[in-house]
Amino acid sequence: MPLSAEESFPNARKPATDEELKYWLENMSLYHHYSLDEMQQATGLSKPEIKSALKRFELQERLAPERKPADILTVKPYPGGRHPRIGFLEGAINPQRETKISVFAPWDPDSYVVLDIPEAIWSNLGLTYLAHTHVPTIWTQQNKELPPREWSVHQDGSMTARRRLPNGIEFGTIVLPLQKAVLMEMWLKNGTDEPLSKLRVQNCAMLKMMDGFTQQSNDNKVFRAPYAACRSAKGNHWVIMGWTPCFKAWGNQKCPCLHSDPIFPDCPPGEIKRVYGILTFYTGTDIEGEFKRLEKENWKKYLMERTF
């Protein structure tokens with residue numbers, strides 16, 4: 001098993017078993033193309049340990065499997081260790097990986113969007129959850145630290161994550177990769193004795209690792225709630241995210257990122273409420289027509305009728 005790291009990396013997550021170590025090294029090496037420094041930041045292991053494990057698992061010469069046009073989109077848990085933003089880093093200190101996934105572009109296996117789902121949840125109680133350090137939450141104000149969580153990856157390619165907060169509120173996300181889109185469901189259960197309201201969610205699509213989409217500007221973005229879309233520098237590729245019911249569609253040009261922020265219906269004690277999302281890619285120039293096509297596809301109904 002791995003030895004002690006040469007340095008301290010407070011946001012690292014050291015693999016507990018060889019199976020975990022191999023999984024995350026495959027993730028970082030084959031798909032995200034991490035440097036040794038980034039692997040160290042993610043795992044807390046020393047560079048000699050990482051080099052030895054890469055050799056032992058025969059990962060140094062391997063490449064990620066080639067995606068065929070009929071395959072589902074490639075989606076992986078984001079491993080941490082590489083900050084998913086270009087700018088506004090002071091607004092996302094120690095970003096936690098359990099809310100983040102990477103969705104790889106169908107036209108470029110080296111480009112990916114990092115989805116933070118959820119980045120934050122507000123309620124009538126205040127800032128109820130935050131996936132990094134920036135402003136106080138109701139838990140930091142009480143000196144309560146939330147334990148780390150991880151995504152569960154299933155055989156069909158879907159992924160799930162869930163968390164229970166100290167006051168009994170539970171929430172989770174379901175991710176379903178398809179050939180042309182990634183569909184998502186987010187649920188929240190009120191485990192408290194009082195009704196919850198003002199349940200606004202902040203969901204972020206970060207574009208740092210998307211070649212051609214890294215301009216720190218909103219001039220290349222279109223916001224038509226529930227959709228937020230970003231155009232490539234060449235003008236023929238788009239990233240689109242939508243969540244419904246949508247509170248606000250917007251973008252932070254410093255990151256740069258897209259937001260389609262949903263809002264849960266008011267939630268009485270013991271009940272569960274749901275919101276639905278999509279992340280998709282478009283090749284073309286008629287983005288308004290693509291928005292209309294997405295509405296006709298009725299992806300929300302597909303999610304609502306599916307049993308997870």
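I call it a contact when heavy atoms lie within 4.5 Å. With that, residues 24 or more positions apart account for 66% of the protein's contacts with a separation of 6 or more.

Housekeeping: this is a predicted model, where local features need pLDDT of at least 70, side-chain atom pairs count only at pLDDT 80 or more, and totals for chains, interfaces and linings use all residues. Numbering starts from 1 along each chain as its sequence is written, and side-chain values use heavy atoms, with hydrogens and water left out.

I looked up the secondary structure: five helices and 15 strands, taken as DSSP runs numbered from the N terminus (helices H or I, at least four residues; strands E, at least two).

Next, size. The C-alpha trace spans about 50 × 50 × 35 Å along the principal axes. The radius of gyration (over C-alpha atoms) is 19 Å, which agrees with the value near 19 Å for a compact globule of 308 residues, the rule being 2.2 Å times the number of residues to the power 0.38.

I checked burial too: 51% of the 308 residues are buried, meaning under 20% relative accessible area, with exposed over 50% and partly exposed in between (1.4 Å probe, protein chains only).

Then I zoomed in on helix 3, residues 47–56, whose buried residues are Glu49, Ile50, Ala53 and Leu54. They sit on the same side of helix 3 because they cover an arc of only 130° around the axis, going by the directions from the helix axis to the C-beta atoms. Their cover includes helix 1 (18–31) and helix 2 (36–43). Pro48 and Lys55 are exposed on the other side of helix 3.
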